[in-house]
Every structure is written in C-alpha cells, then in structure tokens.
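The following explanation is intended to be read alongside the sequence and the coordinates. Please keep both at hand while moving from one chain to the next.

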Amino acid sequence: MSMTLKALLKSPWVFHLSTGSCNNCDIEVLDCLTPRFDVERFGILLAGSIRHSDVLLVTGSCNRMSVERLKKLYDQVPKPCLVVGIGTCAGSRGVFIDSYNCPVPLDHIIPVDVYIPGCPPKPEAIIAGVVKLIQKVGNG
Amino acid sequence: MNYFYPVNLIVFGFLLTALLGLISSWVDRKVTAMVQYRVGPPLLQPLVDIVKLLGKETLVPAGASRGAFLLAPLVGLAGVVASSTVLWGNLLRPSTSFAGDWIVILYLLTVPSLGIILGGFASRNPLASLGASREMKLVLSYELPFVLAMLVPVIRSGGSIRLGDILSSQFANGANAGSLSGIIALVVAVLCIQAKLALVPFDAPEAETEIVSGPLIEYSGAALAVYRLAKNMLLFVLPFFLGIMFLGGFRLHGIEILWSVLKFVGVLALITVIRNTNPRVRIDQATRFFWGPVAILGAAAVVLALLGL
Amino acid sequence: MTREEVIADLQSRFGDDIVELVDKSHNRVYMEINPRAITWVGTYIFRDLHARFNIASATDMPHHMEILYHFTIEDIDLMVNVRVKLPKDAPKIHSLASAIWALDWIEREMHELLGIEFIGHPDPRRLLLPDSWPEGVYPLRQDYREWDKTAVRDRGV
C-alpha cells in the first residue's frame, strides 16, 4: 500500500455534511468529536473547509434540493476521499422510503464506503464504524 | 570554500527546524489533550498529517490567480526558513552574526503572515478575503508592541543591534528576563507571539466556526501541506527567538542542553495553556488590545530599560 | 376584556359570517367563519384585540380543505382558532399576508404543498420544493400519486 494511503488512514480529517436530516445524527457526530470520546488519538480532526477533508460524514436522506448541492460538494473534495453514511436515513432512507421528497438512496448519488446504522447511532458506534472503514481500506 | 552557509541553510534552517517544528506541534497538541483530560495524538501525528496532504490532489479554484495562489505558501515557508537560518547561525558560529541582523529577523518574521494574506486574497472567495483582511489588521496592530518589546534587550546590551552582542551581554549580566523591564517585555512578546501564530485568543483570521478556516479555505493537497509546515516551523522559531532574546540563549554543551530544552518547552507550554484557557476575541477587540494596553506596556518596558532597570 | 366579553364582541360584530362558535375550554375558542370574511375577521383580531398570531395550519379533509389560523390574546390567556372550510375543486381565499407579515411564508408553503390559492399574495414564489418539481402537483393532498419514474422505492430485499 502506498505511503500516502497509509498516511491517509492514520490521519483522516472528517467533514460533517448534512443532506436534510432531522439533526439527531448531526448531534451524535458532534458528540463524537468532543474530548470525552477523544478521536484525536486516531488522528481524526474536524476539517473546517471541505477542501481540507478526507472523510465525509454524511447524514440525512438526501432530498431533492440537496441532490445537486451534494454532487457539487463531492466534486470539491480532493481525491482520494472516503464517504461514511451515518444513520438509517443515509443508508436507505429508513421510514422516508416512500416520501415524495427523497427519490433515491444516498449511494445512487455518491459512492459510499461504510454505512453506520442507527437512529441515531451512538458515538461509540460511529467510532467503531470509522475504525472498521480504516481496517477495510487498509486491507485493500 | 566556506561550506557553512549552505549547510546552515539546508540542514539547520530547513530540515532541523522542520523536525523540531513538528515535535513542537506535537507538544502543543499533547498539552492541549492533557488540559482536556484525554489522551492526545501519537508522536508522529504532525508528520503523518503533512505526508497525507502531499498525497492529495491540489485543486485551484476557477478564476483564482493561479501563480499567486500556488506561490503564497512558498513565500511563507521561505520567510520562516530564512529567519531560522540566521538564528541557528548565531547559535552555532557566533562570528557569522552581523550588525543589523536583529532588524533582519524582525522583518523576516512578518513574511509568513504576508504569505497567508497573499494566499487568502488570491483565492477568489469572500470568506478567504475576509480572513486575509483580518490577518492584515492583526499584523498592523501587533507589530508595534513586538518591536518595542524586542527593543528592550537591545537597550540592555548597550544599544547594539547584533544578536551576538545581545547573547554575550546576557552571558555576562544574566538573562534579560531577570530585570523588571525584561519581564514586562517578555509578557508583551508572548502576547504578540500568540497573535503571530494566529492562536486563540487571537485566531480571528482563522476562526473555524465563523469563517471556515479563513484564508486557507480553498487550499488543498501540497499547498496546504506547505502552509501547515510553515506554521509548525514558526511554532518552533518564535519561542526559539524569544529564548535567545530574553532567556539567555541556548547553550549546547553537556548539562546545559537539558536547561535549554526546559526553557524552550516552558515557553511553548505557556503558549499552549494560554491557547486552551481563553475564548476567541473579535478582531476589533484584538486591535484595540494591542494598540492600547499592550503597546503602553511595551513603551513602559522601553522607558524602564533606558533608565537602567 | 375578559373572555366572555371577547366572545360576545366577536359574535356581535361578525354575526352573519360566523358559521359556528365552539367554546372549547376556558382558554380555547374555535370559530368557524365564511371564507369571504377572513380579511376583516383576521385583521380585527390581530390589530384591534391585540392578539399574537401563532401559526396557521391547513389540512386536506375528505370533503373539503380547511385552514386554521391560531391567535392568542395573551392578557387573558385565550386562544382563538379561526377555521375556514374551502371547496376541494377550487380552494381560493384572500391572502392576509400584507396585514400579518408572518403569514407570508406560511401561505407560500400552503400553496405549493396543498394547492390553496391565496388571492393578492405579494410574493407567490416557491418556498420548499425544487424548481424541477412539476406545476400543479401538490404532494400533501390525499390524491397525490408518484409522478417520478426514476425514483427507487423498493427495499432491494
């Protein structure tokens, strides 16, 4: 595995992106970044601008107005980039599967690497998911 | 041929400063973690950050002035490397110190901020322009107290603007921080260094929650890596400079090495603790602070030094 | 004014336009009025009784559409809920947005999600739905059917 990919796995800077969620998953992501759970020991830092990020933490079922904006934002991330879908809404839209405003699930819009189910998932679950992502990418 | 100058530039000015800068950045993050009662990042984390950034693609925004955008980080890095070379030259071979190198260091230390300002304005982004203009206001306000504070060691060493003379007068008479004017000037200098490094409480230019990392918002990949490296190296160079001016320099023989390391880490830990225990101030409050109380303190220190205290 | 005085005042002033007045509890009064009277009833309660406008809600009922305007007269702790019933084939009513500024966005949302037309609204643009949404399709109606052929609605299992 190349050195820069190894470095990416040891220092993933996350960017928090909400595509029309109820904000519960956003609150849990915010909790995850507090000193209590200490994600800095994995090298995870919250990136202020999307151009500084390596991992996108996407919450919410993508509604029609967010689709074009999400595509533009995904283009602005410098590759290589990993995408984590947090919550049931980001996975499959959950209870909003028949909603008039959520036509397609998130992975039809951008490629998703890891899904973390839960409504909302606990911060421990989010950390476990990110660690599993790092192991999965580290193994090829 | 005199090989000292190129060796000094590359090995001591760039490589050693980069290494020590990354270690200083780790010390800063570790002390922050300890203050927040958690475990911090591992030792190699700042190096891994830079290596990772070198592997990402560098995106230049459409309509940005490409040359200025990509050269601005190098301008910042050049300023830090040059000032570090002069400081290491003074330490290793005091005969290379020349009259006026105090002035050279002071203006070279403004170049990294100019790099950030240039990069921010070249980004074609309103938030970046806002951050760059805040950085300009901050530079205009802290430069005066910084120069006043740095005048105190010059006065106390008999009016010589040669760093070698300042160091030797401290060896003879005791560190500058031992006197009343010296300690006031040290306080003023530490506050100005917080602003130079754009650390809380004076990080309005790069305020994360407000303007999304300010002037660096459009930077990615290798350009951002150079900026981060320049900032980490500045985190090493500024306490180093402060140690030379106020704390009696760094002697590198035998047991003195431990004392030198403690002096350096002490200043660094002070900067980190100030960073962790203060809220961010607005840019107008910061400029008023530097033009008001801090400048008056600096002037008072100069007057006390002229009176011999 | 006490709550009995308020109710008596409303009844005497708008007698012919009130279809039904229900004294629900000691702090709620439901008043159903004729849709053509909404302008003077709404502005009277808002301006002259100094009520606070809380919110307006609209529902698609089986045989009609109804809008509820919720006002609170705070000194006497009374909520006055004004109900209008509109016919389903042509739900039209005069807009109160120029008198009560808060109704500006509420009426825009009701228009684009339920299809209620507000005559005289100062700014009848789209609020929530994207520009690619077809005209004349109102999602919150009971007879809304999926028009988007590219939508993925199966769970894949």
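The model is a predicted one.

Buried residues make up 51% of the 309 in chain B. When contacts in chain B between residues at least 6 apart in sequence are considered, 81% of them link residues at least 24 apart.

Two helix pairs illustrate the packing within this chain. Two packed helices are described by the angle between their axes and the distance between the axes. For helix H1 (residues 4-35) of chain B and helix H2 (residues 45-54) of chain B, the axes come within 8 Å and the crossing angle is roughly 115°. On the H1(B) side the contact involves Leu22(B), Ser25(B) and Trp26(B), which meet Gln45(B), Pro46(B) and Leu47(B) of H2(B). Sorted by class, the residues of this contact between H1(B) and H2(B) are 4 nonpolar and 2 polar, with no charged residues.

The second pair consists of helix H3 (residues 66-92) of chain B and helix H5 (residues 111-121) of chain B, whose axes lie 7 Å apart at an angle of about 170°. Because of that angle, H3(B) is roughly antiparallel to H5(B). H3(B) contributes residues including Ala68(B), Phe69(B), Ala72(B) and Pro73(B), while H5(B) contributes residues including Val111(B), Pro112(B), Leu114(B) and Gly115(B). The contact of H3(B) with H5(B) has 12 nonpolar residues, 4 polar residues and no charged ones.

Chain A brings strands into the picture. Here 5 strands form an open sheet with parallel pairing, in the order E2-E1-E3-E4-E5. At its edges are strand E2 (45-46) and strand E5 (114-116) of chain A, each of which pairs on one side only. Within the sheet, strand E1 (residues 13-18) and strand E3 (residues 55-59) of chain A pair in the parallel sense over 5 bridges. Leu17(A) is placed opposite Val58(A) in E3(A). Helix H2 (residues 24-32) of chain A lies across E1, E3 and strand E4 (82-86) of chain A, and runs at about 145° to E3(A).

Chain A also meets chain C. Their contact brings together 10 residues of chain A and 9 residues of chain C. The side of chain A that touches chain C is made up of 6 nonpolar, 2 polar and 2 charged residues.

In chain C, attention may be given to Ile7(C), which is located in helix H1 (residues 3-13) of chain C. Is this residue buried, partly exposed or exposed? Ile7(C) has 17 C-beta neighbours inside 10 Å and therefore counts as partly exposed. Leaving aside residues up to four places away in sequence, Ile7(C) touches Asp23(C) and Val29(C). The C-alpha atoms of Ile7(C) and Met31(C) are separated by 9.6 Å, although these residues are 24 apart along the chain.

How values were computed: Residues are numbered from 1 along each chain as its sequence is written. Chains are lettered from A and ligands numbered from 1 in the order in which they are written. This is a predicted model: local features need pLDDT of at least 70, side-chain atom pairs count only at pLDDT 80 or more; totals for chains, interfaces and linings use all residues. Two residues are in contact if their C-beta atoms, placed from the backbone, lie within 7 Å. Ala, Val, Leu, Ile, Met, Phe, Trp, Tyr, Cys and Pro count as nonpolar, Asp, Glu, Lys and Arg as charged, and the others, Gly among them, as polar. Axes are lines fitted to C-alpha atoms, for helices over the stretch in contact, and angles run from 0 to 180 degrees between N-to-C directions. Helices (H or I, at least four residues) and strands (E, at least two) are DSSP runs, numbered from the N terminus. Angles under 35 degrees count as roughly parallel, over 145 as roughly antiparallel, 65 to 115 as roughly perpendicular and the rest as oblique. A residue is buried if 20 or more other C-beta atoms lie within 10 Å of its own, exposed if 12 or fewer, and partly exposed in between; C-beta atoms are placed from the backbone. Two strands pair if DSSP finds at least two bridges between them.
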